[in-house]
Amino acid sequence: MTSTQDTTGLTVTSATLEEWRQLTEWCAAEGWNPGNGDAACFHPTDPEGFFTGRIDGRIASAVSIVRYGDDYAFLGHYLVRPDLRGRGIGLATWRAALPHAGARLIGLDAVPAQQGNYERSGFSAAYNTVRYGGSPLRSAGVAPGTVPVTPDLLSAISAYDRSCFPADRAAFVARWLTAPGHTAYARLADDGRITGYGAIRPGRDAHRIGPLFADTAADAEALFDSLTSGLGAEDQVAVDVPEPHAEAAALASVRGLTAQFPTTRMYTGPAPEVRTERVFGVTTLELG
């Protein structure tokens with residue numbers, strides 16, 4: 001991450017929730033379409049893992065390195081204020097924050113312009129993710145066999161989530177699925193087993209679907225239709241689809257969404273083993 005080094009006066013510290021809410025505005029300015037309540041869900045996951053760099057008391061840079069258990073962390077929100085870019089402030093912030101991950105495997109989602117920089121910092125590309133967006137074709141209502149997520153389902157949903165994500169994140173999942181403004185549905189087999197779940201939340205530019213995890217394309221379709229059934233005719237949605245998953249891309253396309261931009265999932269070591277065939281839409285590009 002080469003640049004002219006001028007980081008005079010930069011101090012990097014963990015950010016409070018209120019400070020992190022300011023970063024949501026930065027994310028919106030970058031076109032990332034943050035969810036309206038993301039900060040309140042993200043920050044408690046690892047309160048010490050959200051970092052800001054300050055110069056003269058003003059936020060100059062940011063990065064989050066969220067620890068999930070003892071073995072996995074996820075890096076996101078890597079930002080520098082536009083008027084301060086090219087001075088090495090981002091790299092200095094990165095270097096100050098990265099030790100928070102310890103020896104954990106680190107994942108991130110890189111925009112194309114940054115992929116080479118991440119490679120020089122020890123990350124390797126695993127696969128691409130494509131954001132699909134648009135006004136979706138919607139069903140008349142909630143699909144049969146699909147139910148709203150209720151507190152009694154959270155334990156089973158968290159166990160299902162663990163098959164799709166490299167670490168246990170039960171507390172985050174519970175917070176994510178029950179947050180104000182978030183709508184979540186689960187798919188139930190005849191014997192009561194969870195065969196998928198998903199959530200949708202309002203964002204700055206479009207409602208964001210994520211996660212969308214399902215055993216089969218039929219389960220994913222039912223969840224997608226249920227999640228979007230309450231939207232208005234002009235409402236837009238966005239979902240981040242792993243490019244290797246052809247059925248996931250086909251579902252997004254059939255429901256009227258078009259590819260908007262790619263990112264690349266990268267890791268500091270071998271890609272973790274998860275049930276990738278279940279991942280029809282990632283949870284977030286910010287926390288994995």
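Predicted model: local features only at pLDDT ≥ 70, side-chain atom pairs only at ≥ 80, totals over all residues.

**Entry 1: the largest cavity**

Residues are numbered from 1 along each chain as its sequence is written, and side-chain values use heavy atoms, with hydrogens and water left out.

My working terms come from a 1 Å grid over the protein atoms alone. A cavity is a set of points where a 1.4 Å probe fits but cannot get out. A pocket is an open set with protein on both sides within 12 Å along at least five of seven lines. Lining residues have an atom within 4 Å of a point. Grid points are joined across faces, edges and corners, and a volume is the space filled by probe spheres set on the points.

I searched the whole structure and found two cavities of 30 Å³ or more. The lining of the largest cavity includes Trp-20, Leu-23, Thr-24 and Cys-27. Trp-32, Pro-34, Asp-38, Ala-39, Phe-42, His-77 and Glu-286 also line the largest cavity. Which elements give two or more residues to this lining? They are H1 and H2. H1 gives the largest share, four residues. Helices here (H or I, at least four residues) and strands (E, at least two) are DSSP runs, numbered from the N terminus.

**Entry 2: helix H1**

I turned to H1 next. H1 covers residues 17–29, 13 residues in total. From first C-alpha to last, H1 reaches 19 Å, close to the 18 Å expected at 1.5 Å a residue. The expected span is 1.5 Å times one less than the number of residues.

I list Trp-20, Leu-23, Thr-24, Trp-26 and Cys-27 as buried in H1. Seen down the axis of H1, the buried residues fall within an arc of 165°, so they line one face of the helix. That arc is taken over the directions from the helix axis to the C-beta atoms. Buried means under 20% relative accessible area, exposed over 50%, and partly exposed in between (1.4 Å probe, protein chains only).

What do the buried residues of H1 pack against? They pack against helix H2 (38–42) and strands S2 (50–55), S3 (58–68) and S4 (72–80). Contact means heavy atoms within 4.5 Å. The face turned away from the buried side carries the exposed residues Glu-18 and Ala-29. After H1 comes Gly-31, with a positive phi near 80°.

**Entry 3: cysteines**

I checked for disulfides, each a pair of cysteine sulfur atoms within 2.5 Å. The count comes to zero. Cys-27 is buried, at 4% relative accessible area. Cys-164 is in no disulfide either; its nearest cysteine sulfur, that of Cys-41, is 19 Å away. Cys-164 counts as buried at 6% relative accessibility.

**Entry 4: the largest pocket**

I moved on to open space. The largest pocket holds about 700 Å³. Of the 34 residues that line the largest pocket, the closest to its centre are Tyr-78, Leu-79, Val-111, Gln-114 and Tyr-118. S4, helix H3 (89–97), strand S5 (105–110), helix H4 (115–120) and strand S12 (258–267) each supply at least two lining residues. S4 supplies the largest share, six residues.

**Entry 5: backbone angles**

I found a cis peptide bond between Gly-210 and Pro-211, with omega about 0°. Pro-211 sits in strand S10 (residues 207–214).

Is Asp-56 buried or exposed? Asp-56 is exposed, with a relative accessible area of 75%. It lies in the loop between S2 and S3.

His-77 is found in strand S4 and counts as buried at 6% relative accessibility.

**Entry 6: helix H7**

I finished with H7 (residues 217–228), which has 12 residues. H7 reaches 16 Å from first C-alpha to last, close to the 16 Å expected. Nine of the 12 residues are buried, so H7 is largely enclosed by the rest of the structure. Among the buried ones I note Asp-219, Leu-223, Phe-224 and Asp-225.
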